[in-house]
Amino acid sequence: IECKRINSINTQGKTGLNGEYVINGMNRFLNEGKYSSFYGTNGLIGFVVSQLDIQTNMKEINTLAKAHLVGSYTQEIQPENFISDFQYLYSSHHTKENGENIKLYHLMYDVSDKIVN
C-alpha cells in the first residue's frame, strides 16, 4: 500500500500532486519494483487535501497515467463497488516490465475539511 496526497492544483500536469500520484505512486508498483505484493494485488490511497470533484479528478489521473505509464495498462482506472457506502474506490490492471500482471486498487479519501490553512 502506498499513500499520496491529492489536491486541485495542476491536476493535468506532471508536476502537480496527480502527477506525483502517477509517477511516484503507480509507477513504483509497475516499473521501479519498489512495491508489489506476492499476489499481484496492490493499493494506493489518495488523501484529497483540497476540495475537488473526485470522479472528475480520477479521469485526470487516468489521462496522466496513460501518458506516463505507456504500455502498462491492460484496464484503465474504473470504479469498483464492493465497499458499502463508499463511492471513491477504483481499480486498474497493469502489466509490469517483467510481464507480471497486477491489479491496483485506488481509494480516495476526502480529508479536505480536516486541513487547516
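These notebook entries record what I looked up in a predicted model.

**Entry 1. Ground rules.** I number residues from 1 along each chain as its sequence is written. Because the model is predicted, local features need pLDDT of at least 70 and side-chain atom pairs count only at pLDDT 80 or more, while totals for chains, interfaces and linings use all residues; side-chain values use heavy atoms, with hydrogens and water left out.

**Entry 2. The sheet.** I took helices (H or I, at least four residues) and strands (E, at least two) as DSSP runs, numbered from the N terminus. I counted two strands as paired if DSSP finds at least two bridges between them. In what order do the strands of the open sheet stand? I found 5 strands in the order β1-β2-β5-β4-β3, with mixed pairing. β1 and β3 stand at the edges with a single partner strand each, so one side of each has no neighbour in the sheet. I read angles, from 0 to 180 degrees between N-to-C directions, from axes fitted to C-alpha atoms, for helices over the stretch in contact. Neighbouring strands of this sheet are turned by 20 degrees against each other on average, direction ignored.

Entry 3. Arg5 stands opposite Phe47 in β2. Pro79 has Tyr90 in β4 as its bridge partner.

**Entry 4. The helices.** I used contact in the sense of heavy atoms within 4.5 Å. Helix α1 (residues 17–30) lies across β1, β2, β3, β4 and β5, at about 165 degrees to β1. Helix α2 (residues 54–68) lies across β1, β2, β3, β4 and β5, at about 170 degrees to β3.

**Entry 5. Aromatic rings.** I paired rings of Phe, Tyr and Trp (its six-membered ring) if their centres lie within 6.5 Å; planes under 30 degrees apart are stacked, over 60 edge-to-face and the rest tilted. The count comes to 4 aromatic pairs. Phe86 and Tyr88 form an edge-to-face pair, 6.5 Å centre to centre with 85 degrees between the planes. The rings of Phe86 and Tyr109 have centres 5.1 Å apart and planes at 40 degrees, so this pair is tilted. Phe86 lies in the loop between β3 (73–79) and β4 (89–95) and Tyr109 in β5 (residues 101–110), so the pair ties together parts 23 residues apart in sequence. I recorded one aromatic cluster of Phe47, Phe86, Tyr88 and Tyr109.

**Entry 6. Accessibility.** I called residues buried under 20% relative accessible area, exposed over 50% and partly exposed in between (1.4 Å probe, protein chains only). Tyr88, at 22%, is partly exposed. Tyr109 is partly exposed at 33%.
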